[in-house]
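User: I would like to learn how to read salt bridges and a chain interface in a model. Please take me through one.

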Amino acid sequence: MPTVQRPVPGERTAPPGAGTPWRARLFRVEERSAPYAYVAPFFLLFAAFGLFPLVHTAWISLHSYRLGSEMEWLGLENYAWLLSNPAFYNALWKTFTIGVLSTVPQLALALGLAHLLHYRMRGRTFFRVSMIMPYATSVAAAALVFAQLFGRDAGAVNWLLGIVGVDAVDWRNGDWTAQLAISVIVIWRWTGYNALIYLAGMQSISQDLYEAAALDGASRWQQFRHVTLPGLRPTILFTVVVSTIGASQLFGEPLIFGGGKPDGGALGQYQTLGLFMYQQGWTYGSLGRAATVAWVTFLLIIVLVLVNTRIAKRRAT
Amino acid sequence: MTGRPTPRRTTTTALATAVAGTLLLAACGGGGSGNADDGTVELTVGLFGTFGYEEVGLFDRYEAENPGVTITYESTQGEDTYWPALQTRLASGSGVADVQGIEVARIADVVTNQADLWTDLRDTPAASAIGNYVEWKEPAATTADGAVLGLGTDIGPMGICYRTDLLGQAGLPTEPTALAARMQTWDDYVALGREYQAAAPAGSAWMDSAGGFYNAIVSTEQEIYYDASGALVHDSNPAVRAAFDTAAAAGQAGLTARLEQFVDPGWDAGFASGSFATIACPSWMIGYIKGKAGDAGAGLWNVTTLPGGAGGNWGGAYLGIPAASENVEEAAKLIAWLTAPEQQAEVFASVGNFPSTTAAIEMVGDATDPWFNDAPIGQIFSASSTNAPVQILGPQDGVIKSAMVQALLSVEANGVAPADAWTAALADVTNQVG
């Protein structure tokens, strides 16, 4: 309000004299509790949409729960089923291999691109914006287009290979070929995003360091290795963690690449944990088993992140 | 530049991000549904794939003939995504449409496990329509207590669709009757395939996929995965094993284009490009083939009977009314009208879904299809439906069929030995069905 602020009796400013210790205590309580009140909305939302589903999923995973019927207590039977199921280990392994195939080239490429974009050049903003375009594309659209590109009979990739004299590859049905094709979709979508994060990290590295390094006779490559990379370490850690989580939850790309079916190919050659979970829940209607897969995946991710950060911390010290 | 994160804070941030990211699991929401007040009714219809009602304009006509009724229609292309979504809505009792489509592979599950979630049509205006069908159609939608949970839309009698131009180039008969004369059994069909393969244009296979071939063979059987008592016999039924082995052998011999049906984009493209010369086609695939091959494909395809004139059935559907519907009366009138013989005949003429009522089957007996070289599709599919056995359906048919098709794909595309693929398929089924 634009009016002049005047002290109003009985509000904020305590009148001198009467009731001071009581009011003072009230102020102290308010001072201490206010921050909690301010962050409460987030935690309420988190409890409703984060914590509750998580706990409820754990509860469901202890039951036999078919779509459209009642829950039946099973204890840890679903976990025993899961841990003795070769399809689960297959999915775990495929998630890992596709994760490596997609994350490593993606982050390396992103680092290189960020380095190039860090230079002063014409149309820099245009290039930076275009980096983010694939990220803004829907997974479904991207995966559909790539599924066509990697088609056996009329796909553009095989056509290009044909020009070089390579025989048509059955991308979809092959083991590594299908994983490679899916990794390409992931790399295409996420490289630009990571490049922009790296670029932001690079811009926060002091120019003085580069000047000092240059004075000492460091080459561009040496500057990159000894100034840029150490300066980017927290950023790199962040992208590695986020990509690892993304890779362990990979779902949309292999689902749509597989024509909307969660089998991940005839031999499950690209069935990720996400697809395996979806298959249990929606193809077979076993929500209890799907919840079990979800929880085991969640625990795996926690372990992965802890390992990640532990390694990073050891390297930092 | 202020506040560069210390390693410790980075760790915390990373962990928080990790946890938050993992928690972002999707939840489902339901839609709304209209209800009656003063004479006006808003009916919702939820279907999958192509039932043909919207295409033929039946909803518009029903609205015009029944003032006060408005129909909201939505369709999901894939039945495999449509059904799970419907299941969650049925379970929660909200968001279901007044009329929902049910695929024939689900009907056994509906009558055995979900009788309380669907309306018994005997108590509705649709009751009079129940007696109009081919003998097996309505019993399949009837519970042990006699409740009828769905009205049949179409059935899936089978034929062999083939490319006249490709067969001609390979020196095989192109006329339906001449071709049928050379195919008395499925083995003859495979033998013709070997002949075709020897002389075929490059990049063209005799048939599309081993899985599709397998499905065609078992569709002519009465007992497939369940026996009459309802016990699982998928691993002991010799007919299933024989069909599997025949299809696997065809795949190994290179007679298949290794294109998974409805999944591989190359399968769709193959109808136009000629990646495969023949495909066992249920009537509802007629419209699909036309759509994929387009105008340029007119006159290239023809239809003949299954080997030896065998009858078979693959697919077909029902319309049901969820128990949660607030407009049961009006919904029942709508489904009775949509599935009435006149409307079924019209849908067949437009999109190829073959009628399931006896009166409509008589109406379409003379139908020919100019796109398919004037093939007498009415006569071919009528004969197939007449000769078809009364199949025994079971709640896990879909799961078992999918496991078999996957295993056959691994034979043709990944070089897995048929015996190993069979073992893998059985293990798959055991793991899920128990």
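Analyst: Start with the interface. In this predicted model, 48 residues of chain A and 39 residues of chain B make up the contact. The two chains bury about 3,700 Å² between them, with 59% of that area on carbon and sulfur atoms.

User: How many salt bridges and how many residue pairs in polar contact are counted between chain B and chain A?

Analyst: Between chain B and chain A there are 2 salt bridges and 8 residue pairs in polar contact, where both residues have pLDDT 80 or more. The helices α1 (7-23), α4, α17 (397-414) and α18 (418-433) of chain B each supply at least two residues of the side that touches chain A. Of the elements on that side, α1(B) gives the most, with 11 residues. By class, the side of chain B that touches chain A has 17 nonpolar, 16 polar and 6 charged residues.

User: What is the general idea behind a salt bridge, and which residue of chain B does Arg172(A) pair with?

Analyst: Side chains of opposite charge can pair when their charged atoms come close. Here Arg172(A) forms a salt bridge with Asp264(B), and their closest N and O atoms are 3.5 Å apart. Over all chains, the structure holds 16 salt bridges.

User: Which residues are linked with Lys261(A) in a network of salt bridges?

Analyst: Asp263(A) and Glu260(B) are linked with Lys261(A) in such a network. Within chain A, the closest N and O atoms of Asp263(A) and Lys261(A) are 3.9 Å apart. Asp263(A) is buried, at a relative accessible area of 13%, and Lys261(A) also counts as buried, at 18%.

User: Now a pair inside chain B: where do Arg89(B) and Glu74(B) lie?

Analyst: These two residues form a salt bridge, with closest N and O atoms 3.8 Å apart. Arg89(B) lies in helix α4 (residues 79-92) and Glu74(B) in strand β2 (residues 69-76), so the pair ties together parts that are 15 residues apart in sequence. Arg89(B) is partly exposed, with a relative accessible area of 25%, and Glu74(B) is partly exposed, with 48%.

User: Are Arg122(B) and Asp120(B) buried or partly exposed?

Analyst: Arg122(B) is partly exposed, with a relative accessible area of 42%, whereas Asp120(B) counts as buried at 15%. The cut-off for buried is under 20%. The two residues form a salt bridge whose closest N and O atoms are 2.8 Å apart.

Definitions and conventions
Residues are numbered from 1 along each chain as its sequence is written. Chains are lettered from A and ligands numbered from 1 in the order in which they are written. This is a predicted model: local features need pLDDT of at least 70, side-chain atom pairs count only at pLDDT 80 or more; totals for chains, interfaces and linings use all residues. Side-chain values use heavy atoms; hydrogens and water are left out. A salt bridge is a side-chain nitrogen of Lys or Arg within 4 Å of a carboxyl oxygen of Asp or Glu. Buried means under 20% relative accessible area, exposed over 50%, partly exposed in between (1.4 Å probe, protein chains only). Helices (H or I, at least four residues) and strands (E, at least two) are DSSP runs, numbered from the N terminus. Contact means heavy atoms within 4.5 Å. Buried area is the accessible area (1.4 Å probe) that two parts lose on being put together, summed over both. A polar contact is a pair of N or O atoms within 3.5 Å; within protein, one must be able to donate a hydrogen and the other to accept it, and residues adjacent in sequence count only if both atoms are side-chain atoms. Ala, Val, Leu, Ile, Met, Phe, Trp, Tyr, Cys and Pro count as nonpolar, Asp, Glu, Lys and Arg as charged, and the others, Gly among them, as polar.
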